[in-house]
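Welcome, and please open the model in your viewer. We will walk through it one selection at a time.

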Amino acid sequence: MTATHHEVATAAGSGAGATARFKSDKLAGVANTPKERVSLLAREVLDAVHETIRKHKVTYDEYNALKSWLISVGEDGEWPLFLDVWVEHVVEEVATEHRQGNKGTIEGPYYVPNAPEQGSSGSVPTRENEPGTPLVWTGQVTSTDGTALPGAKVELWHADAEGYYSQFAPGIPEWNLRASFTTDEQGRFEIHTVKPAPYQIPTDGACGKLIAAAGWHAWRPAHLHVKVSAPGHELLTAQLYFPGDEHNDDDIASAVKPELVLDPKPADNGETVDYGFVLDPVR
Ligand code: MBD
Ligand code: FE
């Protein structure tokens, strides 16, 4: 599809989608947070806020600017976006620091479970004439001891060549550029897709307003999201990046790691890349 979006992507539109996804997928375990943990963490976060106010002599105008902005984060449905861009990377760091296998990174707000299954080799669902450089990606999933993992699941989701995600921006077919692959007897997979564009945080919502007010930029480098799983192994959530992207060094979401930058090679009609995953056995 070329630039023929009749419906315009809005911050509130993708925010509502991300909020609904979060509520339906991620609430298991939320209600069980022990009282002692809630009290400790809430206390220390509030202490840090109080300390910042004292240190910088925050004024009533600044306090009201914060209050107004927090209200708009909720109104725009941007709590998932805000937290995943500015907080999740440290949660991911702490959650995975014990791992010997593949580096992972943040999930972000746009994962949808149960994407169409394509076997060990195939194409992600695309529109006719899907824009973007074709990419053929081969790889193997192994355990930390080197054994291949047949039947491992590689779930892939990514933005299109205009930087939009299906199911969160309007006018894109459901499941576009989303699929689930299963590794063959050798633990291998082959995925046909197109290269995504860099992603810009919506400029018309609360997160975009913070970025503009602070004079920051709104960009994430182009990336492929994956979840890789196999029985008896820890789920790996990662993103893969492309060399030379100007935002690999200053991702607004702080989610790039050198181990996650691909090394694609030019091919007849696009590019090819080999990148596999090493999963940690469950401890
Ligand atoms: C994205 O596509 C993304 O991956 C993250 C982490 C945040 C916002 C949009
Ligand atoms: Fe993303």
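Begin by selecting helix H4 (residues 79–86) and helix H6 (residues 206–214), which pack at an angle of about 45° with their axes 9 Å apart. That angle makes H4 oblique to H6, oblique being what is left once angles under 35 degrees (roughly parallel), over 145 (roughly antiparallel) and 65 to 115 (roughly perpendicular) are set aside. Axes are lines fitted to C-alpha atoms, for helices over the stretch in contact, and angles run from 0 to 180 degrees between N-to-C directions. Helices (H or I, at least four residues) and strands (E, at least two) are DSSP runs, numbered from the N terminus.

A word on the model: it is predicted, local features need pLDDT of at least 70, side-chain atom pairs count only at pLDDT 80 or more, and totals for chains, interfaces and linings use all residues. Residues are numbered from 1 along each chain as its sequence is written, chains are lettered from A and ligands numbered from 1 in the order in which they are written, and side-chain values use heavy atoms, with hydrogens and water left out.

Next, show the side chains of Leu-81, Phe-82 and Trp-86 on H4 and of Cys-207, Leu-210 and Ile-211 on H6: these residues make the contact (heavy atoms within 4.5 Å).

The axes of H3 and H6 come within 8 Å and cross at roughly 145°. Here Trp-69, Ser-72 and Val-73 of H3 meet Ala-206, Cys-207 and Leu-210 of H6.

Move on to the sheet. Its four strands run in the order S4-S3-S8-S9, open and with antiparallel pairing; two strands pair if DSSP finds at least two bridges between them. Strand S4 (178–182) and S9 are the edges, each pairing on one side only, and the twist averages 20° from one strand to the next.

Select strand S3 (residues 153–158) with S4 and you will find five bridges; Glu-155 stands opposite Ser-180 in S4. On to S3 and S8, which pair over six bridges, with Leu-224 in S8 as the bridge partner of His-158.

Is strand S8 (residues 223–229) largely enclosed or open? Six of its seven residues are buried, so S8 is largely enclosed by the rest of the structure (buried means under 20% relative accessible area, exposed over 50%, partly exposed in between, with a 1.4 Å probe and protein chains only).

Finish at the hairpin of S8 and S9: six residues lie between the strands, and Gly-232 in the turn has a positive phi of about 75°.
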